[in-house]
Amino acid sequence: MTTVLDTVVKNSLCSGCGVCAALCPKHALKITWNANGEYTPIRVRDCGKECELCIKVCPFSDGNPSEDQIGKEEFSLISDIHYCSETGYYLSSGVGAVSSDEKRLASVSGGLTTWLLQSLMQKKIVDNVICVSPRRDSHKLFEFTIAKTEAEVSAAAGSAYYPVEMSEVISYVLENPGRYAIVGVPCFLKALRLAQTRNKFLKERLVVMVGLVCGLIPNTNLTRYMHYSAGLDDEIASVCFRIKHPDKPASRHCTRTEGISGEKSAITWNKNNISFARQCLALHACDCCDDVFAECADVTFMDAWLPEYSQDTKGTNIYLSRSKLVDELIQNGREQKTLSVTDISIDKVIESQQPRLHRKRNPLLGYRLSILKDSGKVLPKKRVWSNKERLTVIDKYQCRRLLKLKESSREEFKKSNGDCRYMSTWFAKNAKGNPIMRTGIFLGKACRYALRKLGFQT
């Protein structure tokens, strides 16, 4: 019998969402940590039949419907709906924040995600919200929980650059009737949309899906490395990502970690090559993802990384709605002055996420997938498989180099038994690339430019 273990997990494509384990009719799968600090399913008993349900609900299983196909099924019949290849379907888009400065400063961005979830509860549209909450547990710093009150939703506000999985909360939904909203990253929500076509209870009970723009999902080693970079050597008791500074732009946020000894420290995002480490310590599945805007969600929230908003110290959201219900709630928020939001063009929404689009769409994703395929990797077919556009020599070099460094970083962490002191030296050595290669790239571009000016084809 073929399971998701034989296909997706075997080829390191699992994003650890946990939907397969929750829906397995024989409870044959369990989500657990692997050696790289990532969630993956393992077999705990023989499933006993060829249902292949685990494969059919996996977001990275080849042959399953794409985000375009799921979006067409879910949203295409909504009146006044639009479609854009970068964002998928959309009804409206806007930019802004909650009107309360206190709530806005307490959020990681403009506070719109928490506001919407609490509004869904206030209007009795949902009974519970499935969201990620922090834990004081060094072995599991964040987890999906069922928030039953607005206060619990507020307590869960924040970002978690840390692996989480949904098997337990989805099992809870299947066993407990009610109306649920869920917040998740693109691949998790795609898995739930696939699951809804196979399970009527999920279709009935998950009534609102809230998406978050995602660049990549890191493994647990990133948090350990950040803890060490903040000057702490003990076990991690808790971590708080994206703390705003009152005198700096919201993009210059900090992360605060606390050790079990009670000592706290804060670190800026780019300190000690953290940004580079984040890329190296991302899941392999993220190298094969082409969904930036959570195209399967009813509404997607993101940071307003635009020049006119990114310098604001309080933080600002952009939202992309695919739901009449969400549009009505946001309009009510405007009228009641709880929101300070204005409309924004879809072009501006796309512009705000250009770095992620550059990585997850043609030509870079097509080139990355071709490299992986040539190296013998088994990959799912994506919407940007072809690589027809030209890439610069630098883009190609950096793409190949980062793929190699990602593989190396995993091996180095294993070899060092998780020694962050050793990894700090390794990241510092590799963060800026090979100076000889950079010089060669520069000279090569200069020569080609000179030849073109002289009338030669290059």
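Is Arg 135 buried, exposed or partly exposed? Arg 135 counts as partly exposed, because its relative accessibility is 27%. The scale behind that label calls a residue buried under 20% relative accessible area, exposed over 50%, and partly exposed in between (1.4 Å probe, protein chains only).

Before we go on, a word about the model. It is predicted, so local features need pLDDT of at least 70 and side-chain atom pairs count only at pLDDT 80 or more, while totals for chains, interfaces and linings use all residues. Residues are numbered from 1 along each chain as its sequence is written, and side-chain values use heavy atoms, with hydrogens and water left out.

Arg 135 has a charged partner: it forms a salt bridge with Asp 137, and the closest N and O atoms are 2.5 Å apart. Here a salt bridge is a side-chain nitrogen of Lys or Arg within 4 Å of a carboxyl oxygen of Asp or Glu. Asp 137 is also partly exposed, because its relative accessibility is 22%.

By this rule the count comes to 26 salt bridges. Let us follow Arg 193 next, which forms a salt bridge with Asp 298, with 3.4 Å between the closest N and O atoms. That pair links distant parts of the chain, 105 residues apart: Arg 193 sits in helix α9, and Asp 298 in the loop between α12 (274–280) and β13 (299–303). Helices (H or I, at least four residues) and strands (E, at least two) are DSSP runs, numbered from the N terminus. Arg 193 counts as buried because its relative accessible area is 6%, and Asp 298 is buried as well, at 13%.

Arg 193 forms a salt bridge with Glu 74 too, the closest N and O atoms being 3.4 Å apart. This pair again joins distant parts of the chain, with Glu 74 in helix α4 (residues 67–75) and Arg 193 in helix α9 (residues 186–196), 119 residues apart. Glu 74 is partly exposed, at a relative accessible area of 24%.

Elsewhere, a network of salt bridges links several residues, among them Glu 67, Lys 190, Asp 290 and Arg 361.

Now for a polar side chain in a loop. Ser 109 lies between α5 (101–106) and α6 (112–122) and is buried, with a relative accessible area of 7%. Its side chain makes polar contacts with the side chains of Asp 303 (2.8 Å) and Asn 317 (3.2 Å). A polar contact is a pair of N or O atoms within 3.5 Å; within protein, one must be able to donate a hydrogen and the other to accept it, and residues adjacent in sequence count only if both atoms are side-chain atoms.
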